[in-house]
Amino acid sequence: MKKISLVVAIALLPLLGISQSIFDKYQDMHNVGTVVINKGMINLASTIGSLSNDPEAKDFAEVAKGIKKIKVFITEDKTISSNMASTVKKYLKTSSLEELMRVKDQNVNAKFYIKQGKDEDHVKELLMFVSGIKDVNIKGRKFETVLVTMTGDIDLNKIGAITNKMNLPQELNNAAK
């Protein structure tokens, strides 16, 4: 009986380690630009930042320590953009994300969502979805939609401290609060 239990446990072990996101389907699509930053690269950036004499780099290093993964998906394809919007809506229905902020300027819509963490100052996940972009042109590509997910133990106070040092609109500085 112990052998059977051990074999079943070993067989199920890989399934416990798989944590695919609903958005991973965009990684291999032809008209989607993807950036995935895993914990190892984040740790490397955090280590380099913590060695710096620059206080802002040290602040960034502190924030980075809590981040597990960052995924960015960018597309100019209207069909894929529509599919991303549907996927985000589906994900929001099944997840415990709550809207943090919404910004609309002409045709551009930016929405920010969070999943609460261990307390009111921490979040487990940040999701940003921006659609309707028309005037961003990078290397001849005009982007329509950007989707960003960040997971980990993210301290909003530290993010707020960093954004307050940046030259951002006051509304964005207040978002972390």
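Q: What makes two aromatic rings count as a pair, and how many aromatic pairs does the structure hold?
A: Rings of Phe, Tyr and Trp pair if their centres lie within 6.5 Å. In this predicted model, the structure holds two aromatic pairs.

Q: How is a pair of aromatic rings described, and what are the values for F23 and Y91?
A: In general, a pair of aromatic rings is described by the distance of the centres and the angle of the planes. For F23 and Y91 the centres are 5.2 Å apart and the planes stand at 70° to each other, and because an angle over 60 degrees counts as edge-to-face, that is the name given to this pair.

Q: Which parts of the chain does the pair of F23 and Y91 tie together?
A: F23 lies in the loop between helix 1 (2-17) and strand 1 (32-37), while Y91 lies in helix 4 (residues 78-94), so the pair ties together parts that are 68 residues apart in sequence.

Q: Is F23 buried or exposed, and what about Y91?
A: The cut-off to keep in mind is that buried means under 20% relative accessible area. F23, at 0% relative accessibility, therefore counts as buried, and Y91 is buried as well, with a relative accessible area of 16%.

Q: Where do D153 and K118 lie, the two residues whose side chains meet in another salt bridge?
A: Their side chains meet at 3.4 Å, N to O. D153 is in strand 8 and K118 in the loop between strand 4 and strand 5, so that the pair links distant parts of the chain, 35 residues apart. D153 is partly exposed, with a relative accessible area of 34%, while K118, at 62%, counts as exposed.

Q: Which residues of helix 3 are buried, and how are they arranged around the helix?
A: The buried residues of helix 3 (residues 55-65) are A57, A61, V63 and A64. Seen down the axis of helix 3, these residues fall within an arc of 165°, so they line one face of the helix.

Technical notes
Residues are numbered from 1 along each chain as its sequence is written. This is a predicted model: local features need pLDDT of at least 70, side-chain atom pairs count only at pLDDT 80 or more; totals for chains, interfaces and linings use all residues. Side-chain values use heavy atoms; hydrogens and water are left out. Buried means under 20% relative accessible area, exposed over 50%, partly exposed in between (1.4 Å probe, protein chains only). Helices (H or I, at least four residues) and strands (E, at least two) are DSSP runs, numbered from the N terminus. The arc is that of the directions from the helix axis to the C-beta atoms. Rings of Phe, Tyr and Trp (its six-membered ring) pair if their centres lie within 6.5 Å; planes under 30 degrees apart count as stacked, over 60 as edge-to-face and the rest as tilted. A salt bridge is a side-chain nitrogen of Lys or Arg within 4 Å of a carboxyl oxygen of Asp or Glu.
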